[in-house]
Amino acid sequence: MSTTGATADPLAALGSLPGVAESVESVRKAVDRVYGHRVMRRRSNEITSEAALRGARGSAALSGADWALEEVRRRSDFGTDDEARTMGAALRLSAEAGQLLTIWRQSPLRVLARLHLVAAADRADRVGRPRKDGERVDEPLIGLPLPGSAEAHGRLEGLAELIIAGGPAPALVTAAVVHGELLALRPFTSHNGLLARTAERIVLVGSGLDPKSVCPAEVGHAELGREACLTALEGYVSGTPEGVAAWIAHCGRAVELGARESMAVCEALQRGAA
């Protein structure tokens with residue numbers, strides 16, 4: 001994680017990077033448009049449920065299970081093969097995220113452990129704890145160098161301290177840093193991508209930016225594509241101001257696309273077509 005200089009709140013410092021304020025404002029406007037739609041006043045629960053389903057589908061797609069939305073709706077068996085298990089993990093994480101909002105600000109490491117338990121329940125000896133030296137990390141779609149376990153643990157604890165301390169950093173900045181750190185560190189032996197995107201969602205919802213969870217950034221990340229995500233992530237890992245700002249802007253664009261998706265759902269419901 002990069003900062004722009006010595007400060008008591010490194011996350012807030014990132015808000016001053018070139019272009020970040022513009023991304024924050026653009027995201028706020030996109031989210032406000034969804035919340036201002038007339039359908040949200042009486043059918044917000046339906047929008048939330050649909051956003052959760054579409055977000056899970058998008059997150060799974062980035063982890064190698066790129067299923068059509070109707071296939072996700074139709075299927076009930078998510079344990080038959082690798083893609084089905086990935087989709088099942090994404091759906092379970094989406095359902096679990098809303099139950100962990102109050103815990104996140106007090107104990108983000110506890111939340112991450114819980115999310116890994118939910119996602120990887122079939123790996124009993126490695127579930128719910130950060131990886132140890134020598135343990136293989138099953139995350140083939142992220143080709144960046146893997147930090148050692150000691151570095152991963154230290155940075156994860158530092159991130160948790162920043163979250164617990166709170167501060168004035170915009171929700172988008174905090175969400176992007178949480179997402180970026182988890183992808184860069186891959187602190188667990190599996191499902192790090194799914195966890196990173198779920199944690200991003202938790203920050204966006206818990207911060208009050210998207211309290212009803214109707215702007216699924218996972219949809220936007222999937223639409224932007226894996227290559228764009230990895231390119232932006234490389235910028236974040238570089239630690240340069242330009243690279244970190246580009247990653248935050250990338251995450252902001254994903255939230256905007258998620259908001260656009262829910263606007264389309266609102267319009268369809270208004271027309272009686274969904």
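**Close-up views of a predicted model**

**View 1. Residues around the largest cavity.** The largest cavity is lined by L62, S63, E139, L141, I142, L183, G193, R197, R226, C229 and L230. The elements that contribute two or more residues to this lining are α10 and α12, and α12 gives the most, with three residues. The space in the largest cavity comes to about 110 Å³, and a search of the whole structure, which is a predicted model, finds two cavities of 30 Å³ or more.

**View 2. Helix α8 and its buried face.** Helix α8 covers residues 149–165, 17 residues in all, and reaches 24 Å from its first C-alpha to its last, which is close to the 24 Å expected at 1.5 Å a residue. The buried residues of α8 are S149, A152, L156, L159, A160, L162 and I163. Seen down the helix axis, these buried residues of α8 fall within an arc of 160°, and they therefore line one face of the helix. An α-helix has 3.6 residues a turn, so residues three or four places apart point the same way. Among the elements that cover the buried residues of α8 are α1 (10–14), α6 (101–104), α7 (108–119) and α9 (171–185). On the face of α8 turned away from the buried side lie the exposed residues A150, E161 and A165. After α8 comes G166, whose phi is positive, near 70°.

**View 3. The second largest pocket.** The volume of the second largest pocket is about 340 Å³. Of the 18 residues that line this pocket, those closest to its centre are R105, I163, G166, T174 and S207. The helices α6, α8, α9 and α10 (192–206) each supply at least two residues of the lining of the second largest pocket.

**View 4. The stacked pair W67 and F78.** A search of the whole structure finds two aromatic pairs. In the pair shown here, the rings of W67 and F78 have their centres 6.2 Å apart and their planes at 25°, so the pair is stacked. The pair links distant parts of the chain, with W67 in the loop between α3 (40–62) and α4 (69–74) and F78 in the loop between α4 and α5 (82–97), 11 residues apart. Both W67 and F78 are buried.

**View 5. The tilted pair Y236 and W247.** The rings of Y236 and W247 have their centres 6.2 Å apart and their planes at 50°, so this pair is tilted. Distant parts of the chain are linked by the pair, since Y236 belongs to helix α12 (residues 226–238) and W247 to helix α13 (residues 241–271), 11 residues apart. Y236 counts as buried because its relative accessibility is 2%, and W247, at 0% relative accessibility, counts as buried. Helix α12, which carries Y236, is also the element that gives the most to the lining of the largest cavity.

**View 6. P18 and V244.** P18 lies in the loop between α1 and α2 (20–35), and it is exposed, with a relative accessible area of 68%. P18 and V244 are 226 residues apart in sequence, whereas their C-alpha atoms are 9.9 Å apart in space.

Methods. Residues numbered from 1 in each chain as written. Predicted model: local features only at pLDDT ≥ 70, side-chain atom pairs only at ≥ 80, totals over all residues. Heavy atoms only, no water. Phe/Tyr/Trp six-rings, centres within 6.5 Å; stacked < 30°, edge-to-face > 60°. Helix = DSSP H or I, 4+ residues; strand = E, 2+ residues; numbered from the N terminus. Buried < 20%, exposed > 50% of the residue type's maximum accessible area, 1.4 Å probe, protein only. Expected span 1.5 Å × (residues − 1). Arc of directions from axis to C-beta. Contact = heavy atoms within 4.5 Å. 1 Å grid on protein atoms, 1.4 Å probe; cavity = no way out; pocket = protein on both sides within 12 Å on 5 of 7 lines; lining within 4 Å. Points joined across faces, edges and corners; volume = space filled by probe spheres on them.
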